[in-house]
Amino acid sequence: MTTSPPRPFEVVADLSSLPSGAIGARHLVWWGNVGFMVIEGTGFALAAAAYLYLMTQSTVWPPVGDALPGLLWGGVFTAALVLSTVPNLWVLRCARAKKAAAVRWGMAGLVLIGLILMALRAAEFAHLGVRWDRDGYGSVLWLLLVLHTTHIVTEWAECAVQAIWLFTHEIGDDQFSDVEDNANYWSFVVLTWLPLYALIYWAPRAL
């Protein structure tokens with residue numbers, strides 16, 4: 001049996017001009033981050049629906065004997081969270097412009113801001129006016145706060161890990177993409193809190 005000689009190597013196309021990395025929607029991880037936000041946003045929506053259901057089933061909301069959550073610390077936390085979007089969006093622009101030094105120090109700043117937000121959230125918990133195990137109102141109120149606090153803590157941890165990495169390693173396209181994804185997620189955490197804040201603090205007062 002005879003065999004045909006091997007075909008010589010043939011260059012089909014020159015891909016040397018293609019970028020070695022991608023950022024934004026061209027990166028697969030960006031779409032994974034969007035998927036996380038969709039799933040977790042659904043979780044927030046379900047928790048809010050539970051709150052609204054219990055509210056519609058009660059003649060008085062909050063139930064008799066339960067105090068309304070204090071406005072001071074919830075308002076301070078919300079204002080600080082909204083203001084945190086300014087440095088967060090700045091870091092996002094720096095990541096897209098691939099400014100390594102600015103991204104390093106910007107992420108370090110976000111770590112500090114995250115610590116401040118967690119301290120404010122702790123004060124907010126202390127002034128809710130009801131224990132988590134008192135009744136359905138207390139349980140669903142704490143559910144909403146704990147659910148959002150989990151995202152605050154998770155985002156702070158992610159910022160801390162990224163900041164350490166950025167200061168100890170060379171920054172490439174993948175790292176800039178990671179910082180962009182983190183900034184987008186920070187914006188998600190801020191935006192999801194706004195309707196929850198209205199639901200927790202102002203919906204009972206509007207009844």
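**View 1. Helices α1, α5 and α6 around the largest pocket.** In this predicted model, α1 (28-56), α5 and α6 each contribute at least two residues to the lining of the largest pocket; helices are DSSP runs of H or I of at least four residues, numbered from the N terminus. A pocket is an open set of points on a 1 Å grid over the protein atoms alone, with protein on both sides within 12 Å along at least five of seven lines, and lining residues have an atom within 4 Å of a point. The volume of the largest pocket is about 170 Å³, where a volume is the space filled by probe spheres set on grid points joined across faces, edges and corners. Helix α1 provides the largest share of this lining, 5 residues. The lining includes Val29, Phe36, Glu158, Asp178 and Tyr185. By class it comprises 3 nonpolar, 4 polar and 4 charged residues; Ala, Val, Leu, Ile, Met, Phe, Trp, Tyr, Cys and Pro count as nonpolar, Asp, Glu, Lys and Arg as charged, and the others, Gly among them, as polar.

Residues are numbered from 1 along each chain as its sequence is written. Local features need pLDDT of at least 70 and side-chain atom pairs count only at pLDDT 80 or more, while totals for chains, interfaces and linings use all residues; side-chain values use heavy atoms, with hydrogens and water left out.

View 2. A search of the whole structure finds 1 cavity of 30 Å³ or more, a cavity being a set of grid points where a 1.4 Å probe fits but cannot get out. The largest cavity has a volume of about 50 Å³. Its lining consists of Gly114, Leu117, Ile152, Glu155, Trp156, Trp186 and Val189, of which 5 are nonpolar, 1 is polar and 1 is charged. At least two lining residues come from each of α4 (100-126), α5 (136-168) and α6 (173-206), and α5 gives the most, with 3 residues.

**View 3. Helix α5 and its N-terminal cap.** The 33 residues of α5 should span 48 Å at 1.5 Å a residue, and the end C-alpha atoms are 48 Å apart, which agrees; the expected span is 1.5 Å times one less than the number of residues. Asp135 caps the N-terminal end of α5, with a side-chain oxygen 3.2 Å from the backbone nitrogen of Tyr137.

View 4. Glu180 lies in helix α6 and, at 2% relative accessibility, counts as buried; buried means under 20% relative accessible area, with a 1.4 Å probe and protein chains only. The side chains of Glu180 and Arg96 are joined by a polar contact of 3.0 Å, a polar contact being a pair of N or O atoms within 3.5 Å, one able to donate a hydrogen and the other to accept it; residues adjacent in sequence count only if both atoms are side-chain atoms.

**View 5. Aromatic pairs.** The whole structure contains 10 aromatic pairs, in which ring centres of Phe, Tyr or Trp (its six-membered ring) lie within 6.5 Å; planes under 30 degrees apart count as stacked, over 60 as edge-to-face and the rest as tilted. Tyr51 and Trp61 form an edge-to-face pair, 5.4 Å centre to centre with 90° between the planes. This pair links Tyr51 in helix α1 to Trp61 in the loop between α1 and α2 (71-83), 10 residues apart. Tyr51 and Trp61 are both buried. The rings of Tyr197 and Tyr201 have centres 5.2 Å apart and planes at 40°, so this pair is tilted.

Technical notes: Buried means under 20% relative accessible area, exposed over 50%, partly exposed in between (1.4 Å probe, protein chains only).
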